[in-house]
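Trainee: Could you walk me through a few spots in this model? I would like to go residue by residue and then look at some strands.

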Amino acid sequence: MTFNELLLEAIKCDDELLAYSIYWLIKNNVVKGTDFANNINWNLVNHEEVKQMRERNELNLQTIKAYSVPLGNKQHIIIFAQSEESAKGHVYAELGRIPTKIFDISNKMDMSFWFPEQQKNKSLRQVRDETLVFPATAMIFTKG
């Protein structure tokens, strides 16, 4: 796999840190995009510059994150949104109240849930990829 291919895969999988680190390596001529990306020396990356690039959103990433909001009685609602504020606003619009707790569960995008109406398991990533407009309610589920 080349650095260009790895960069595209990192963007596709919403791995911002990896995407920006590879972008930094290419932009600063440490590697070429067409070089093979095996045995990467991550110590060559200037992590402070990567952090600044992420803050400026140089790659113009529009990452959709997953948020979980407890509803009570072990029920949770999962919202897809670009930010915590957007997710809170969506919960307010849907339920008429601002959530007191909200958790970023974007690192659990590959967690699967059973969807009885479709008779199959789907990951949050699959559900997100099928969603057209954000913010959006992904599901309400009972935990435990």
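This is a predicted model: local features need pLDDT of at least 70, side-chain atom pairs count only at pLDDT 80 or more; totals for chains, interfaces and linings use all residues.

Trainee: Is Arg 128 buried or exposed?

Mentor: Arg 128 counts as buried, because its relative accessibility is 7% and the cut-off for buried is under 20%.

Trainee: And which residues is Arg 128 in contact with, leaving aside its neighbours within four places in sequence?

Mentor: With those neighbours left aside, the contacts of Arg 128 are Lys 12, Asp 14, Ile 64, Phe 80, Met 109 and Phe 134.

Trainee: Switching to strands, how do E4 and E5 run, parallel or antiparallel?

Mentor: Strand E4 (residues 112–115) and strand E5 (residues 120–123) are antiparallel and are joined by four bridges, and in one of the pairings Trp 114 has Asn 121 in E5 as its bridge partner.

Trainee: What about the turn between E4 and E5?

Mentor: The two strands form a hairpin with four residues between them, and in that turn Gln 119 has a positive phi of about 55°.

Trainee: New topic: where does Asn 4 lie, and what does Asn 4 touch?

Mentor: Asn 4 belongs to helix H1, residues 3–12, and, not counting residues up to four places away in sequence, Asn 4 touches Ile 26, Gly 33 and Thr 34.

Trainee: Why is Asn 4 classed as partly exposed?

Mentor: Asn 4 is classed that way because its relative accessible area is 36%, which falls between the limits of 20% and 50%.

Trainee: How far is Asn 4 from Asn 39?

Mentor: Their C-alpha atoms are separated by 15 Å, with the two residues 35 residues apart along the chain.

Key. Residues are numbered from 1 along each chain as its sequence is written. Side-chain values use heavy atoms; hydrogens and water are left out. Buried means under 20% relative accessible area, exposed over 50%, partly exposed in between (1.4 Å probe, protein chains only). Contact means heavy atoms within 4.5 Å. Two strands pair if DSSP finds at least two bridges between them.
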